[in-house]
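Okay, everyone, thanks for coming.

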Amino acid sequence: MTQSMPTTRATEAPLDPPPEYQALQEESPIHWVTFPNGTEGWLVTRFDEGSQVFSDPRMSARRPRHDNPPGEEPEGAGAGEGGLPPLFVMMDEPDHGAYRKLLAGKFTPKAVQNRLQPYIDRIVDEHLNAIAATDGPVDLVQALCLPIPCLVICELLGVPYEDRDGFHGATEQMMDMSNPREQRDAGAKWLMDYINKLVEQKRNNPDSPGLLAELIRIADEGGTILTNSDLTGIGALLLFAGHDTTAAMMGLSIMTLLTHPEQWQQLHDDPAKIGPAIEELLRYLTIVQFGLGRVAKEDLEIGGAQIREGDLVVVAMPAANRDPRAFDNPDIANFDRKMSRHLAFGYGVHQCLGQNVARAELKTVLPRLIERFPDLKLAVPPSEVPMDTHGTNYGVRKLPVTH
Ligand code: HEM
């Protein structure tokens, strides 16, 4: 019988990938497996071979889902989620590159520093003040980890923050792999209709703030041809990729620090360590929990396996980022680790466009939280923190703390 892709974490080790990965990784860099939705394909568990999959132009990003519930028809490759227009994360060159060229300049470290950092500083302090003003346990997901990324992506795109419950609810509905397909499609459709309406409003009011209106102005000046469908695809992708991921990473990072007092103390004593600490947390936690797929455009070889044209190849990034061939003592969160790169943001041409936005948020929130609340504690035992085991992104559903 074909091996199944491991998806269940050990209860006593909620920050580690499913334990079956270790034996798989030892045995071979790549295995033929059955994915959660019942389809079969290749699963890559080592770092070098995972990097190879993401950087090989013979691998297409137009892939079918592999992580949806069993018994469902696999969704069509490249069409995005059921209700969404094509998204550039699912496109190949040259189409994908045209989108990146248009957007890359808005997401450099310098652009994020100039355009977003003062805003991030302000909203983080406001939220920490509000937490300080409350007595008793606070759920940090609702009080900090969700609002900060939502506010930042709204500011960046020019999306009204009042609409957050709608777009966050739709994103959760779409990304929860335990939901039946109709429900996930309904979430995707809600997002598409929402952004579509916003794009139309902004076309009538191109001087309004934010990236969507800016892209409309660039198009109107003849710089690019952007249809409403292109803009909706860009807006929807940035909106859902930009807030849910960062919220999950923030909550899980805080949970990690609260359960690793030595690492908490290190950041308390030396906040300048935050840069390497964030990279290590990204590697150690690797929230894209079911990995990412590609499809072979021709016959090729990976890790000694013969891949056939059309085969689905999934990189299990949580396992690859714990590969002892690439990282010494990979299961330890070591803020002094010398590391040149990890796969938490992917690799190659599709590597996360918003990674500097995510870094800016995490680098602001974590040291300020520690400085402001040095005695912060979990209000429940770690085993009672509810984990999001079904979402595309692993994270905490709630994080009750006392300060
Ligand atoms: C900790 C937070 C984040 C994580 C872990 C994360 C992870 C990823 C990963 C793994 C990919 C690669 C997808 C692939 O190769 O198929 C990706 C792509 C992408 N991410 Fe992120 N992301 C985060 C935050 C953000 C933010 C804040 C934004 C927007 C402001 C964003 C926007 C995007 C976009 C647009 C893509 C598609 C890039 C392309 O296809 O060229 N992400 N992200």
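**Around the ligand**

So, helix α11 gives the most to the shell around the ligand, with seven residues; helices here are DSSP runs of H or I with at least four residues, strands are E runs of at least two, and both are numbered from the N terminus. Bear in mind that this is a predicted model: local features need pLDDT of at least 70, side-chain atom pairs count only at pLDDT 80 or more, and totals for chains, interfaces and linings use all residues. Residues are numbered from 1 along each chain as its sequence is written.

In total, 24 residues surround the ligand, and Gly242, Gly346, His350, Cys352 and Gly354 are the closest. "Near" means a C-beta atom, placed from the backbone, within 6 Å. Along with α11, α15 (355-372) supplies at least two residues of that shell.

Now the sheet. Which order do the six strands take? They run β1-β2-β3-β9-β6-β4, in an open sheet with mixed pairing. Two strands pair if DSSP finds at least two bridges between them. β1 (3-4) and β4 (59-60) are at the edges with a single partner strand each, so one side of each has no neighbour in the sheet. Further in, β2 (residues 30-34) and β3 (residues 40-44) pair in the antiparallel sense over five bridges, and Thr34 stands opposite Glu40 in β3.

Last, back to Leu239. Beyond its neighbours within four places in sequence, Leu239 is in contact with Ile153, Leu157, Val159, Phe167, Leu191 and Ile195, where contact means C-beta atoms, placed from the backbone, within 7 Å.

Conventions:
Contact = placed C-beta atoms within 7 Å.
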